[in-house]
Amino acid sequence: MKFIRKHWSNILIVVVIILLTIPQTRTSVSVFVNKILASTPAEVAPQNQREVINYYWSLEDRYGARFNFETSKNKVVFINYWATWCPPCIAEMPDLEELYQQYNSQIDFYFITNDEPLKVEAFMKKNNYNFPVYYSKSNVPENLQSSALPTAYVLSKKGKIVFDKVGTANWNSDRFTTVLEKLVEE
């Protein structure tokens, strides 16, 4: 018992490493760790906010309907790049679903993925998610391009990128939703 009390942190690290090497537990452990490490996204300082000028971006929803991102010009927009196989993405999905349910009538949400549609459908159904999923069908506007997952952007009605977050985030924190409320009221 003395040994365990003295070395509990080392034992915990070894157990986590072992769990990460087992394929059946790897994703679950990674998701859990990402949830613990998620922080509130920081607002981009006003002088550093880039502007989206070109809103031309052809998208297709998960039902095959096509439309253009230009319909979101002059609106508050939330964009999230994600994948069904990405543990940090999976970790933040419950928060994002909750955010979508709370603000979908006030904010345009875009959850962009390149995953196979059948995998996306199974993921959405398994987790009971209802947020809108899209596939990019043209070049992404310059200031909205990212090769990292997950990446999220929040745009003001003026097209300024107010949040630019790479990695897992706590999207339901009071600090984040307070800024979001201000953007909606602008």
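Predicted model: local features only at pLDDT ≥ 70, side-chain atom pairs only at ≥ 80, totals over all residues.
Strand 3, which spans residues 77–81, is mostly covered, with 5 of its 5 residues buried. Its side chains point two ways: V77, I79 and Y81 lie to one side and F78 and N80 to the other, and all of these residues are buried.

On one pairing, strand 3 joins strand 4 (residues 108–112) in the parallel sense over 5 bridges, and within that pairing N80 has F111 of strand 4 as its bridge partner.

**Aromatic pairs**

The model contains 20 aromatic pairs. Two of them are set out here, and what describes such a pair is the distance of the ring centres together with the angle of the planes.

| Ring pair | Centre distance | Plane angle | Arrangement |
|---|---|---|---|
| F78 and W171 | 5.1 Å | 85 degrees | edge-to-face |
| F163 and F176 | 4.9 Å | 70 degrees | edge-to-face |

Because planes over 60 degrees apart count as edge-to-face, the 85 degrees between the rings of F78 and W171 place that pair in this class. F78 belongs to strand 3, whereas W171 lies in the loop between strand 7 (161–166) and helix 6 (174–185), so the pair ties together parts that are 93 residues apart in sequence. Burial is counted under 20% relative accessible area, and therefore F78, at 1% relative accessibility, counts as buried, as does W171 at 0%.

The rings of F163 and F176 have planes at 70 degrees, so this pair is edge-to-face as well. It links distant parts of the chain, with F163 in strand 7 and F176 in helix 6, 13 residues apart. F163 counts as buried at 2% relative accessibility, and F176 is likewise buried, with a relative accessible area of 0%.

The residues of both pairs, F78 and W171 as well as F163 and F176, belong to one aromatic cluster, whose other members are W82, Y100, F109, F111, F123, Y129 and F131.

Note on methods:
Residues numbered from 1 in each chain as written. Heavy atoms only, no water. Buried < 20%, exposed > 50% of the residue type's maximum accessible area, 1.4 Å probe, protein only. Helix = DSSP H or I, 4+ residues; strand = E, 2+ residues; numbered from the N terminus. Pairing = 2+ DSSP bridges. Phe/Tyr/Trp six-rings, centres within 6.5 Å; stacked < 30°, edge-to-face > 60°.
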